[in-house]
Amino acid sequence: MANSDPIRVGVLFSSEGVMSRVETSMLFGTTFAIQEINESGGLDGRELVAVRYDPQSNPARYAELTAKLIIEDGVNVIFGCANSNTRKAALPVIERSNRLLFYPMMYEGFEFSPNVIYTGGTPNQHNAPLAHYMSNRYGPRVYMVGSDYIFPYESNRTMSDFVLQRKGGKKLGERYVPIGAQEKDFAAIVRDIRDKQPDFVFSTVVGQSTRMFYQAYADAGLDPAKMPIASLSTSECEVTEMGSRIAEGHYTAAPYFRSIQTERNRACVASFVKRFGDRVEPNVSWEAAYFQVHLFAKAFAQAGDDSHDVLLPQVLGCEIDAPQGSVRVDPITHHTRLHPRIGRVDNNGQFTIVAQAQGGVEADPYLISHDLDDWTETLQLIE
């Protein structure tokens with residue numbers, strides 16, 4: 001008799017804490033994909049069931065709840081984690097237990113684990129095209145502002161390497177604020193930016209502090225038409241929170257924006273809105289959380305089992321049509337081929353795509369090749 005037991009998977013995204021807004025969108029993206037899979041007959045007729053806990057944006061809780069999912073709930077696959085400090089907290093538990101984590105957040109790169117599938121972007125897929133675009137359009141003199149943890153530090157190091165390749169490239173400042181920083185924490189930084197007049201500001205401020213930074217920037221009278229903020233971490237979620245008046249004219253690098261005008265994306269967003277309304281705004285992390293569940297489902301259909309050693313060979317090399325375009329897991333790096341894009345916030349709070357790669361770009365998590373001139377032909381300017 002065929003096994004009809006439900007397939008239980010762990011889901012670790014926060015509904016509370018400083019990262020709750022974007023993590024809630026990842027939770028909804030995951031839930032959306034699970035509903036689609038179950039409505040299409042499940043996995044070999046078996047229902048896909050999420051076992052979900054709220055880590056409350058606390059790295060220690062990610063580790064604790066990862067252990068709970070594995071030991072008490074018996075799951076083999078976990079979808080979750082957001083900031084790199086949360087992934088790194090959960091990773092030792094995942095590896096010791098030989099389970100598989102699907103991680104949907106763009107990150108700083110320079111990591112490999114046989115127990116992780118990385119579906120967010122790596123520096124060559126977001127940082128490099130952003131550096132190329134901004135230094136060509138505005139100039140290579142950059143001021144960097146980030147939250148105080150590993151992703152901003154490593155991303156700023158990489159951005160420094162990129163802009164210093166340019167003639168006249170210079171880092172004019174590098175400042176960090178606590179995760180959860182308030183507007184007052186940015187006052188001195190914004191004054192320094194105004195005094196030094198960089199060509200652009202590179203932001204890796206995350207979570208609720210993003211709104212505080214952009215608000216302080218606007219209150220200081222700094223003009224995005226002349227000196228924009230260029231970010232890896234400001235998505236439609238953060239723009240919705242701060243409002244288009246504050247966000248308009250600033251830039252983000254990501255493989256996905258809600259505004260992508262393809263039939264696949266329009267249909268996906270329309271279906272999501274029909275189910276969930278406007279409770280969350282589709283964004284790059286939402287999309288990765290969504291498509292990675294479908295990657296898992298396709299691999300499971302081939303493997304017939306979700307244990308690490310049986311499932312992983314089917315995940316590696318797996319390819320699906322995601323809302324951003326065709327994505328594929330690289331068998332060597334465990335990272336995903338994505339479609340880099342640069343977006344500028346418009347007066348409706350959406351991103352106008354101003355440049356995009358002409359096709360999928362393989363992840364290069366260790367930046368073996370990172371010459372900015374590589375993007376001269378790769379990045380197609382739309383306006």
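Let's start at a hairpin. Strand 14 and strand 15 form it, with 5 residues between the strands. In that hairpin Gly-349 takes a positive phi near 80 degrees. Strand here means a DSSP run of E of at least two residues; helix means a run of H or I of at least four; both are numbered from the N terminus.

A word on the source. This is a predicted model, where local features need pLDDT of at least 70, side-chain atom pairs count only at pLDDT 80 or more, and totals for chains, interfaces and linings use all residues. Residues are numbered from 1 along each chain as its sequence is written, and side-chain values use heavy atoms, with hydrogens and water left out.

Two strands pair if DSSP finds at least two bridges between them. Val-345 has Phe-351 in strand 15 as its bridge partner.

Is strand 15 mostly covered or mostly open? Covered: 5 of its 7 residues, 351–357, are buried. Buried means under 20% relative accessible area, exposed means over 50%, and partly exposed is in between, with a 1.4 Å probe and protein chains only. Strand 15 also pairs with strand 16, antiparallel, over 3 bridges. There Ala-355 stands opposite Leu-381 of strand 16.

Angles run from 0 to 180 degrees between N-to-C directions, and axes are lines fitted to C-alpha atoms, for helices over the stretch in contact.

Inside this sheet, strand 8 (residues 200–204) and strand 9 (residues 229–231) run parallel, joined by 3 bridges. Val-201 stands opposite Ile-229 in strand 9.

Strand 3 and strand 4 run parallel, joined by 3 bridges. Ile-78 has Leu-101 in strand 4 as its bridge partner.

Helices pack here as well.

Helix 1 has another partner. Its axis (residues 20–39) comes within 11 Å of the axis of helix 10 (residues 263–276), and the two cross at roughly 95 degrees. The two helices are therefore roughly perpendicular. The cut-offs: under 35 degrees is roughly parallel, over 145 roughly antiparallel, 65 to 115 roughly perpendicular, and the rest oblique. Who meets whom? On helix 1 the residues include Phe-28, Phe-32 and Glu-36; on helix 10 they include Cys-268, Phe-272 and Arg-275.

Last, the rings. Phe, Tyr and Trp rings (the six-membered one for Trp) pair if their centres lie within 6.5 Å; planes under 30 degrees apart are stacked, over 60 edge-to-face, and the rest tilted. How many aromatic pairs does this rule give? The count is 24.

Take Phe-79 and Phe-102. Their centres are 5.2 Å apart and their planes at 35 degrees, so the pair is tilted. Phe-79 lies in strand 3 (residues 77–80) and Phe-102 in strand 4 (residues 100–103), so the pair ties together parts 23 residues apart in sequence. Phe-79 is buried, at 0%. Phe-102 is buried, at 0%.

Now Tyr-153 and Tyr-176. This pair is stacked, with 3.9 Å between centres and 20 degrees between planes. Tyr-153 is partly exposed, at 36%. Tyr-176 is partly exposed, at 22%.

One more item: ring pairs link a cluster that includes Phe-28, Phe-32, Phe-272 and Trp-286.

Technical notes. Contact = heavy atoms within 4.5 Å.
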